[in-house]
Amino acid sequence: MAPAHLRGGLNMMFQLATTLGIFTANMINFGTQKIKPWGWRLSLGLAAAPALLMTIGGILLPETPNSLIERGHVEEGRRVLELIRGTADVDAEFTDMTEASELAKTIKHPFRSILERRNRPQLVMAVCMPAFQILTGINSILFYAPVLFQSMGFGASASLYSSMLTGAVLLFSTLISIATVDRLGRRKLLISGGIQMIVCQVVVAAILAAKFGADKQLSQSCSIAVVMVICLFMLAFGWSWGPLGWTVPSEIFALETRSAGQSITVAVNLFFTFVIAQAFLSLLCAFKFAIFIFFACWIAVMTAFVHVFLPETKGVPIEEMVLLWSKHRFWKNVMPDMPLEDGWGPGGDSAPAYESNIHK
């Protein structure tokens, strides 16, 4: 529904809501832990407030033009599209939507279709992007921040305060990403964020290896340094893999496979979230400080993956996203020849206005 030139920032409102929720929860936990003995009940009960807001929002949420067109309400879909764009001059976009809808209706089994060779690049991204997002180690820090900070010598209250601080950093960095993603592009943010996260993970591992052991605790200065580096890590995650781990998969699928692709993305994300949550404490006990090196290695892999395999999707209409893959230096060898209009397809001589976004 978002226009192509604003799609990245608008999609990241999802991540902004998530980080705002994390920060708010940390603030509530920090405040209610001082209320004895029923503070924990208040903290738990306040979760009903966002649930109520989501319920009301779901009732008031309008249908998207794509959804209306796909369900046969063509005129209503055009009316909503004109309302969203603020103009009646939507003929080209409306035609793209109706053509994509007609094609989508010919696909009876989207999960079977997404396994076809022509959808191979999107399927790889639907699996790798959410998996890599979790393998940055971010959920380990978010889930176990109080445990990590207590083990480094912070008190119980200080550990909650540290969690609140990291939540605030994550919220701030998401705002940075919203402001820059449609100007700098997805690849630059992912690669720069990956490099910064690698450095932060290695620095934390080095500090813990040198200053922390079974018979001693970190000094106050080293503890503060660890917290600062973790905040820098979360700052990098918040402008790169945090929001873009959702944004990129949401914008690369054709209409006929979009529901299947998004389902796979969410399922992979939840699966790896579960695996890391269950395995982190065991990995921490086994690897000790090297747990940060473990995640740094994964971040190096995903940064290289973005550099080689992910084309720039900034400014490309979703209905025409398939052209990116057919022009990409790697994926054009994977995808079959496509019978597109005006000679488009692998090896075509023409180029759309947004071809400069394509990583070759």
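**Close-up views of a predicted model**

**View 1. Met125 and its contacts.** Leaving aside neighbours within four places in sequence, Met125 is in contact with Pro130, Pro249, Ile252, Phe305, Phe309, Leu310, Trp325 and Trp331. Contact means heavy atoms within 4.5 Å. This is a predicted model: local features need pLDDT of at least 70, side-chain atom pairs count only at pLDDT 80 or more, and totals for chains, interfaces and linings use all residues. Residues are numbered from 1 along each chain as its sequence is written, and side-chain values use heavy atoms, with hydrogens and water left out.

**View 2. The largest nonpolar core.** This core has 64 residues. Met125, Phe233, Met234 and Trp241 have the most contacts inside it. Helix α13 (residues 220-239) gives the largest share, 12 residues. Apart from this core lies another, of five residues, among them Ile69, Leu81, Val90 and Met97. A nonpolar core is a set of buried Ala, Val, Leu, Ile, Met, Phe, Trp, Tyr and Cys residues joined through side-chain atoms within 4.5 Å. Buried means under 20% relative accessible area, exposed over 50%, partly exposed in between (1.4 Å probe, protein chains only). Helices (H or I, at least four residues) are DSSP runs, numbered from the N terminus.

**View 3. A nonpolar patch on the surface.** Leu52, Ile56, Ile59 and Leu60 form the patch. Together they have about 450 Å² of accessible area, by the Shrake-Rupley method with a 1.4 Å probe. Patch residues have over 30% relative accessible area and no salt bridge, and nonpolar side chains (Val, Leu, Ile, Met, Phe, Trp, Tyr) are joined within 5 Å. A salt bridge is a side-chain nitrogen of Lys or Arg within 4 Å of a carboxyl oxygen of Asp or Glu. Leu52 sits in helix α4 (residues 48-60). Leu52 counts as exposed because its relative accessibility is 53%.

**View 4. Cys200 and Cys231.** The whole structure holds zero disulfides. A disulfide is a pair of cysteine sulfur atoms within 2.5 Å. For Cys200, the nearest cysteine sulfur is that of Cys231, 9.8 Å away. Cys200 is buried, with a relative accessible area of 6%. Cys231, at 11% relative accessibility, also counts as buried.

**View 5. The peptide bond between Lys36 and Pro37.** The bond is cis, with omega about -5°. Pro37 is found in the loop between α2 (13-32) and α3 (39-45).

**View 6. Lys288 in its loop.** Lys288 lies between α15 (255-287) and α16 (291-309). Its phi is near 55°, a positive value in a residue other than glycine. Lys288 counts as exposed, at 54% relative accessibility.

Note on methods. Helices (H or I, at least four residues) and strands (E, at least two) are DSSP runs, numbered from the N terminus. Patches are made of residues with over 30% relative accessible area and no salt bridge: like charges are joined within 9 Å, nonpolar side chains (Val, Leu, Ile, Met, Phe, Trp, Tyr) within 5 Å.
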